[in-house]
Amino acid sequence: METVRPISEEEFVAAFLACEYDSRRFGDDFRRLLAAHGAAHELVLSPDLTDQAANEERRRLLKEFRAYGGGRGLLANMPDGVRWERAIATADDLRQVLYIDYSYWNDLSGGTRRPVDAVERIRAGRETFGQSNDAFWRGAEAVRNGVEFRPMILVSHDGSRWVVIEGHLRLTSYVLADKLPERVEVIAGRSARMEEWDLY
């Protein structure tokens with residue numbers, strides 16, 4: 001993983017929310033949350049990281065939607081003080097990335113949390129918890145058509161093991177399409193305490 005530049009926690013939060021906004025699965029729920037907060041879409045799509053009030057509002061949104069900083073949800077119990085950066089991941093890097101330790105992704109991958117194993121099961125027609133695999137096939141087609149995606153977000157405790165926290169579908173689609181990018185920008189977070197996070 002090649003560092004491009006360090007980024008602030010505020011930039012990580014904004015990037016995560018932009019992915020949620022675009023999400024086919026979660027986007028409608030997230031946009032409803034934006035509306036409930038009376039927030040303009042530009043808060044997420046054109047973030048001004050120098051505006052502290054806007055930064056605080058984005059953090060509130062991520063806490064409410066994904067439990068970032070407390071509560072119950074995807075990002076609950078993630079350690080404080082994660083060092084965030086924009087980085088370049090190679091195809092070899094991406095082959096080593098694991099899914100989060102969560103029931104759906106565990107089952108999809110046959111317990112290994114490796115996308116390559118999940119793809120074998122998808123190709124064999126196995127569905128997890130009765131959920132269709134259509135989204136993965138659509139994602140693979142988008143990859144083959146050259147669609148550009150927002151950066152995936154990965155975390156590690158020391159750089160030796162990376163877990164995707166945002167971008168499971170994109171990562172799986174790359175593998176399913178047999179088209180892992182040779183170099184792709186990601187957002188990477190490191191913390192010596194990452195192993196304390198429930199889903200790591």
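Tutor: We start with terms. Helices (H or I, at least four residues) and strands (E, at least two) are DSSP runs, numbered from the N terminus. This model is predicted: local features need pLDDT of at least 70, side-chain atom pairs need 80 or more, and totals for chains, interfaces and linings use all residues. Residue numbers run from 1 along each chain as its sequence is written, and side-chain values use heavy atoms, without hydrogens and water.

Student: Where does Arg113 sit, and why is Arg113 called buried?

Tutor: Arg113 lies in the loop between α6 and α7 (115-123). Buried means under 20% relative accessible area, exposed over 50%, and partly exposed in between (1.4 Å probe, protein chains only). Arg113 is at 10% relative accessibility, so Arg113 counts as buried. Arg113 also has a positive phi of about 70°, although it is not a glycine.

Student: What makes Phe129 count as exposed?

Tutor: Phe129 reaches 52% relative accessibility, and therefore counts as exposed. Phe129 is in the loop between α7 and α8. Its phi is positive too, about 55°, and Phe129 is not a glycine.

Student: What makes a space a pocket?

Tutor: We use a 1 Å grid over the protein atoms alone. A pocket is an open set of points where a 1.4 Å probe fits, with protein on both sides within 12 Å along at least five of seven lines. Lining residues have an atom within 4 Å of a point.

Student: What is the volume of the largest pocket, and which residues lie nearest its centre?

Tutor: The volume is about 1200 Å³, meaning the space filled by probe spheres set on grid points joined across faces, edges and corners. The lining has 39 residues, with Ser23, Arg25, Phe26, Trp105 and Leu169 nearest the centre. α8 gives the most, 6 residues.

Student: How do you know the classes in that lining?

Tutor: Ala, Val, Leu, Ile, Met, Phe, Trp, Tyr, Cys and Pro count as nonpolar, Asp, Glu, Lys and Arg as charged, and the others, Gly among them, as polar. That sorting gives 18 nonpolar, 10 polar and 11 charged residues. In the second largest pocket, the lining has 8 nonpolar, 1 polar and 5 charged.

Student: What makes a group of residues a nonpolar core?

Tutor: Its members are buried Ala, Val, Leu, Ile, Met, Phe, Trp, Tyr and Cys residues, joined through side-chain atoms within 4.5 Å. The largest such core here has 63 residues, and Met78, Trp84, Ile165 and Trp197 have the most contacts inside it. The largest share of this core, 7 residues, comes from α1.
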